Amino acid sequence: MSGGIDTAETAVRTPGTDVPDIGQIVTVRGSNWAVVDVQQQGLGRSTADDAAAQLQHAVTLQSVQEDRLGHELRVVWELEQGRSALAHRGLPEKIDAGKFDDPNRLAAFIDALRWGAITSADDGTVQAPFRSGANVEPYQLTPLKRALASPRANLLLADDVGLGKTIEAGLVIQELLLRHRARTVIVVCPAGLVFKWQDEMQEKFGLDFTVVNSDTMKAVRRSHGVHANPFTLFPRIIVSMAWLPGQRAQRQLRDAFAGSTHRFAFDILVVDEAHHVAPSSPVRADKVGQERRGYAVDSQRTRAVREIAERSEHRLFLSATPHNGYTESFTALLEMIDPQRFVRGNKIDPAALEEVAVRRLKRDLKMAKGFVDRKVRQLPYTSAADESTAYDRLLAFTQRRDKSVAAGGGNRSARDMATLLLKKRFFSSPVAFAELDALREAKNSLPPLTDADIEDLDWFSDWGHRFEGRPDSRLKALLTYIEGTLRSHGDWNNERLVVFTEYVDTLRWIRDILRQHGFEDERIEIIEGSTDAETRELIRARFNESPTKTPVRILLATDAAGEGIDLQNHCHRLVNFDIPFNPNRLEQRIGRVDRYGQTKAPDIRHFAPVIGGDTALSKDVDLLARVALKIDQIMRDLGSANEIIAPDLQRQFGGHVIKSRRAQAEKDPIAGMMSGEKVLNAELARLEQNLAESRERLHLRPENLQRVVETAFELNHLPPLKLVGSEDTDVPVFQLPNLDNSWEQVTRGLYARLDQNKPRPIAFDPKVLTQDANVVYMHLGSPLLQRATRRLRSALWGGDRSLERVTATVVPGLEESYAVAVTRLVLVGRAGLRLHEEVFLAGTRLARRQAVGEQRAEELLESALDHADLETVPAHIAAQIAAAWNTAGDQGLRARVQQAVEDRAQRRRREVEGHLAERKATDRSRVNEIFDRFEQTLRDALREAEALEGDPQLGLFDDERRQSERDLREIRRRIDALDEERERELAAVEARYDDIRTWEFPAAVIFALAARDLENGLAIR
C-alpha cells in the first residue's frame, strides 16, 4: 500500500468524525500516524449512547514519527478524543514566488531528512560510524558487517587487547538501534567498568545508559513507586556482573521476564570481559593422588548471565582472553552466545566458530594501521644476601611440609596451593609474604604444624615486617629506574609510568617508600580492588590528561586495573613488579598501554637477576623473567598462552617436576581462532572505501553538519556559533553560545570529567579526533546534532511557518534546468520493523517534457545543495517558475513532477522489494544450514555426555556430577525440541518480511537552474 501527502503547513485537517481512508495521515494522541486498516464494527452504537445511532470503526495505525516509525496502534475512531486527519493532497497545488526558501536553509532541512533515512535492506550503507565520536578504523567495521548480514547478531568479539572491542560493540548497538532491529540494551561488565561503559556510550555514540545497582533501585522506588522495576523502566542499562547474581537483582529480573509480552525481554545483551562468566574447569586430584581435569561447573555469575542471554535476541560477548585452556568451559561460553550453533562439551563446529568469533591480533594490523611493536625488557637487580637466605629457608619449609602431607595421606591439591601462594607472595614483596595468608587458608587440609614449622613461620613474619619503611633490592632498582626516566636532577619530566602488582600489601608498601623518597602525593595515583568506580574514572582521566595539565606521573595498580582501562594517551612505560602466573592476566596488564592510539613503542619491564646469580632465588626469578619473555612471544604467535604456560608454571612452583608440553595443533578450531584472522591490506582498503562511499551517499561533509546546526539555531532564535579556532588543528573550531533550557541537554558531553565548569569547544570535521583531544567532535549521534536534525525534520509535519520547502537556486555545472521533488520513501514490515528508508530526487526538465534521467544530471542534482553560500534566483525568475507550476492540467509542471515521483517511487519499490525477497531467502537458507549443522553437533555431544555419565571419576565430586547430569538433560531436551525451534526461527524470518507497506512523503520542491538559462532567458514548456 502506498500513499503520498502534502506536508506544507497549509495542509487541511478534516473534521474528526470522518472515518479516514487507508493510506491517509491522521493525528491521534498528539502523534502522526498512517492508516493501514479500517474495520467496521458489526453492531451500531445504541441510541442510548448518543442522540443518533452510528457505526464504530476499528482503525489500525502505524506511526510515521521519526522516533517511533513503524510502531502500531489500534483505536476505535469514533471514541478517540482530539483525532484529526490531514487532507491527502500530494505536491503543493500552488506556490508563492515571494515565499521561496533561502536555498541554504532548505539544504540543511534536506540533509537532516537524509540522515534520518535508515535502511535494513542495504547492508552496504551504514550510519553507525558517522554517529560515533571515535576515530573508527576500517578493521572495526568487520563485526558490524557480520552482524548486519545475520538475522540475529550473536558474536564473540575476541580481538587482541587494545584494539577497541568497546567501539566495535558500540557500532553494532548503534546500527541495530538505528535500523529499529533493537530498542533495549543491557550491558553486563566488571564493577570497575560500569562508569567507563556509561561514559564511552555517551561520549562516543550519544547513547544514554543507566547504571542499575542498589542505589538506582532505591531512587527508582522513590521517584516511580515501590513496584517500579529499573530493568523495564530504562531502555538501556548497565549492571555489574558482581551485583547481578545477588537476590535483589535476580528478583527484579524475574519480574521483568515474567512481565514481558515478547519472546525476548531484552533486544541486545553485551557482556564485557566475558571470560569472567565462563564456568571454571579445575584440575583436581583424586583419592589415589592422580590429577585429572575437572568438569566445568557453573558459577552463580554463569547462571545469572545465561538466564539473561536466553531472553536476549542479539548477544555480543567481549573478551581478548575468552579461552582459559579448557574446551568444556569455552563451549559453555559459546553456548551462551549462540545456542543454535554450540552446545556444552568437547565438540565445536569449526564453521560455526568462524561465523561467530571475530579475532584479530596487533601483529596482523600493524602494517595497515601503524601499531607499534612493544619492547619487553628486563630490569636488572641483585638480590641481597638476606633475601636469598629467606628464600632458601622457604624452600626447606615447603619441602618439609610436603613430606608431612604425603606421609599423612593429606590432600595434595591443598599442599600445592599453599606452596604456590607462599612463593607468589615472596616473589611479590617481603611485606606481602609476611602476611602468610596462604598457609592459614590451607590449614584445614594440612597436618598440624610442628615446632620447627612454627619457628619458621615466626621467622618469616619477622623478616618480612623488617622491610616496612625500607626497600628491598627490587624496589631499589625501581627507584633508580624512576629517577632515570621520569626525573632529571630531581625535577619531573613529562614521562609517565604504570606499576602493576598482584597484592595490595605490595602496592601500599611501594607507595610509602616512594613518599619517603620525596615523591609528592600529587605525583602518585593508586587503583586497587577497593577503589570505587567513580574514583577510578577520575584517576584514569587525570592520568590520561596531558602531563602539562595534571601532575600525576606514576600509577600504582593491582590487577583491578588490568581490564578495560586505557592508559596509552600519555604513557608507554609499564613495570610488572611481580609476574602473575596466569599469562592472560599479564597480557591484560600490558594491554593498558599497548593498545590502539599508542604512538610510542610500549616499554614493558620486569625484574631479572644480574647474570651470574647462582642462588635458588636468582634461578627462580630468572625463570619467571624468561617465562615473561616466552609469554610475550606466544601471545604474538598464537594469540593465547594461558593453556600452554599457566598449568606448567603453577606446577613448577607447586613443587612438581614437569615434562615439556607442545602447543595445541593448528587444526584445533579453538587454537586456530585464538591465533587470529589474517587481515589482508586489500580487505582493509575495501572496508575503508565502503565507508567513504557511505559518507558520500549521505552527504556527510563537515560544512553540511555545521549548516544544519546553524539553521536549527536560526529557527529557534538562538545566537550563532562562535569561531574560536585551536592551536593544535587547522579545522574550524567553535564555541557554543548560551542556549535556552530546551537546548541545554546538548552540552552534556562537552564538560570534561576534570573540569565541570567550562564546556569544551566543538568541531564538525572528524580530523579533529586525531589532532586536538580537547575539542569535541560533533558527529550525527552527538546530542547537538540529534537535537538539530530533529528540529528540522519536525517541519515535515507542518506547524513551522519558517520553512516553505520550496526554493530555486543556480547549480554550477548543470547544462539544463530542472524541477525536482525531494521525496521520502519508507517500507515497513508486519511487525512494525522499518525495513527500508531513503530520500530520493525525481523531476523533469524545464525546457523539455522529459524526466531527469542522465546519470550526470542526477549526480549534479544530488550534490546541488552541498555548495556553500547558495544564492536565490532573481524575483522575475521566481515569478516565472511559480506561474508555470501553478498552471493546471495533466501536462503542467506540477503534474510532470508528480508523475516523475510516482515512476521513481514505483521503480525503487520494486528494486527494494526484490532485494528484501533475496534477503528473506538468504535468511531462510542460513537458518536451515545452521540447524542442519547443529543437529549433528548435538548428537555428537549426546554420545560424549552419555559416555561421561558412566565415568566413575565423576562421582567423586558432587558438584561436577550434578552439573554433568543437568547438561545431559539439556542436550536431550534440545534434540527433542530441535524441529520446533527450527520452525519458530523460520516463522520469525517470514514475519520480518511479510505484509510490507510503503509510504511516500513529498518533502520539498527544488528548482535547480543552469547558469546559462539565467543569462539567456529561462524557457519552461
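Modeller: A crossing of two helices is left-handed if the near helix is turned anticlockwise from the far one by less than a right angle, and right-handed if clockwise. Helices (H or I, at least four residues) and strands (E, at least two) are DSSP runs, numbered from the N terminus. The model here is predicted: local features need pLDDT of at least 70, side-chain atom pairs count only at pLDDT 80 or more, and totals for chains, interfaces and linings use all residues. Residues are numbered from 1 along each chain as its sequence is written, and side-chain values use heavy atoms, with hydrogens and water left out.

Colleague: At what angle do helix H3 and helix H4 cross?

Modeller: Two packed helices are described by the angle between their axes and the distance between the axes. Axes are lines fitted to C-alpha atoms, for helices over the stretch in contact, and angles run from 0 to 180 degrees between N-to-C directions. Helix H3 (residues 165–178) and helix H4 (residues 194–205) cross at roughly 60 degrees, their axes coming within 11 Å. H3 is therefore oblique to H4 (under 35 degrees is roughly parallel, over 145 roughly antiparallel, 65 to 115 roughly perpendicular, the rest oblique). The crossing of H3 past H4 is right-handed.

Colleague: Which residues of H3 and H4 meet?

Modeller: Contact means heavy atoms within 4.5 Å. From H3 come Thr 166, Ile 167, Ala 169, Gly 170, Leu 171 and Gln 174, and from H4 come Trp 197, Glu 200, Met 201, Lys 204 and Phe 205. By class, 6 are nonpolar, 3 polar and 2 charged (Ala, Val, Leu, Ile, Met, Phe, Trp, Tyr, Cys and Pro count as nonpolar, Asp, Glu, Lys and Arg as charged, the others, Gly among them, as polar).

Colleague: In what order do the strands of the 4-strand sheet stand?

Modeller: Two strands pair if DSSP finds at least two bridges between them. The order is S28-S31-S29-S30, in an open sheet with mixed pairing. Strands S28 (806–810) and S30 (834–845) are at the edges with a single partner each, so one side of each has no neighbour in the sheet. From one strand to the next, the twist averages 25 degrees. Helix H28 (residues 875–885) packs on this sheet, touching S28 and strand S31 (997–1009), and its direction makes about 140 degrees with that of S31.

Colleague: How many bridges join S29 to S30?

Modeller: Strand S29 (residues 818–828) runs antiparallel to S30, joined by 11 bridges. Leu 825 faces Glu 838 of S30.

Colleague: Which strands pair in the 6-strand sheet, and in what sense?

Modeller: That open sheet has parallel pairing in the order S16-S23-S22-S19-S21-S20. Strand S22 (residues 573–576) pairs with strand S23 (residues 603–609) over 4 bridges.
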